[in-house]
Amino acid sequence: VQLQASGGGLVKSGGSLRLSCAASGSIFRADAMGWFRQAPGKQRDFVAGISIGGDSTRYAESVKGRFTISRVKSTVYLQMNSLNPEDTGVYYCYTDLPGSPRRWGQGTLVTVSS
């Protein structure tokens, strides 16, 4: 399974973006897919995840109520609303397959200007 992320860009504070992560290959065996982000000079932090079996979701506290993760077949989306400069960073999608290390997409840059 390979992951291709897209949808990043430059947006003003208060604006919205939608990220996409398309998985090549079947993900029916995957446990979950989701997103992390890495701000300049900081560690990579969890943003949102969705289970493949039941589509249950979870979010970082900092994005609850503003971000929504969803899935259509092998593509996961992250709708990001009310963006603020603290949301700036490279967003990486991931998938967890049983018995395998976490797999990462290439990252897509989100820049929120004040």
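Arg44 lies over the face of Trp104 in this predicted model, at 4.5 Å from the ring centre. The charged end of Arg44 also sits over the ring of Tyr92, 3.6 Å from its centre. A charge sits over a ring here if NZ of Lys or CZ of Arg is within 6 Å of the ring centre and within 35 degrees of the ring normal. The model is a prediction, in which local features need pLDDT of at least 70 and side-chain atom pairs count only at pLDDT 80 or more, while totals for chains, interfaces and linings use all residues. Residues are numbered from 1 along each chain as its sequence is written, and side-chain values use heavy atoms, with hydrogens and water left out.

Five aromatic pairs are counted, a pair being rings of Phe, Tyr and Trp (its six-membered ring) with centres within 6.5 Å, called stacked when the planes are under 30 degrees apart, edge-to-face when over 60 and tilted for the rest. Phe36 and Phe46 make an edge-to-face pair, with 5.6 Å from centre to centre and 80° between the planes. This pair links distant parts of the chain, since Phe36 belongs to strand S4 and Phe46 to strand S5, ten residues apart; strands are DSSP runs of E with at least two residues, numbered from the N terminus. Both Phe36 and Phe46 are buried, where buried means under 20% relative accessible area, exposed over 50% and partly exposed in between (1.4 Å probe, protein chains only). The rings of Tyr94 and Trp104 have centres 6.0 Å apart and planes at 55°, so this pair is tilted. Tyr94 is buried at a relative accessible area of 2%, whereas Trp104 is partly exposed at 34%. Ring pairs link Phe36, Phe46, Tyr92, Tyr94 and Trp104 into a cluster.

Charged side chains also pair with one another. The count comes to five salt bridges, each with a side-chain nitrogen of Lys or Arg within 4 Å of a carboxyl oxygen of Asp or Glu. One of them joins Arg37 and Asp87, at 2.8 Å from N to O. The partners come from distant parts of the chain, 50 residues apart, with Arg37 in strand S4 and Asp87 in the loop between S8 and S9. Arg37 is buried at 13% relative accessibility, and Asp87 is buried at 1%. Another salt bridge connects Glu61 with Lys64, the closest N and O atoms being 2.7 Å apart; Glu61 is exposed at 63% relative accessibility. Arg102 and Asp96 meet in a further salt bridge, at 2.7 Å from N to O. Salt bridges that share partners join Arg37, Arg66 and Asp87 into one network.

Arg37 and Phe46 turn up again in the lining of the largest pocket, among residues that also include Gln38, Lys42, Asp45, Ser62 and Glu86. The pocket has a volume of about 170 Å³. A pocket is an open set of points on a 1 Å grid over the protein atoms alone where a 1.4 Å probe fits, with protein on both sides within 12 Å along at least five of seven lines, and lining residues have an atom within 4 Å of a point. Its volume is the space filled by probe spheres set on the points, which are joined across faces, edges and corners. Strand S5 supplies the largest share of the lining, three residues.

Methods. Helices (H or I, at least four residues) and strands (E, at least two) are DSSP runs, numbered from the N terminus.
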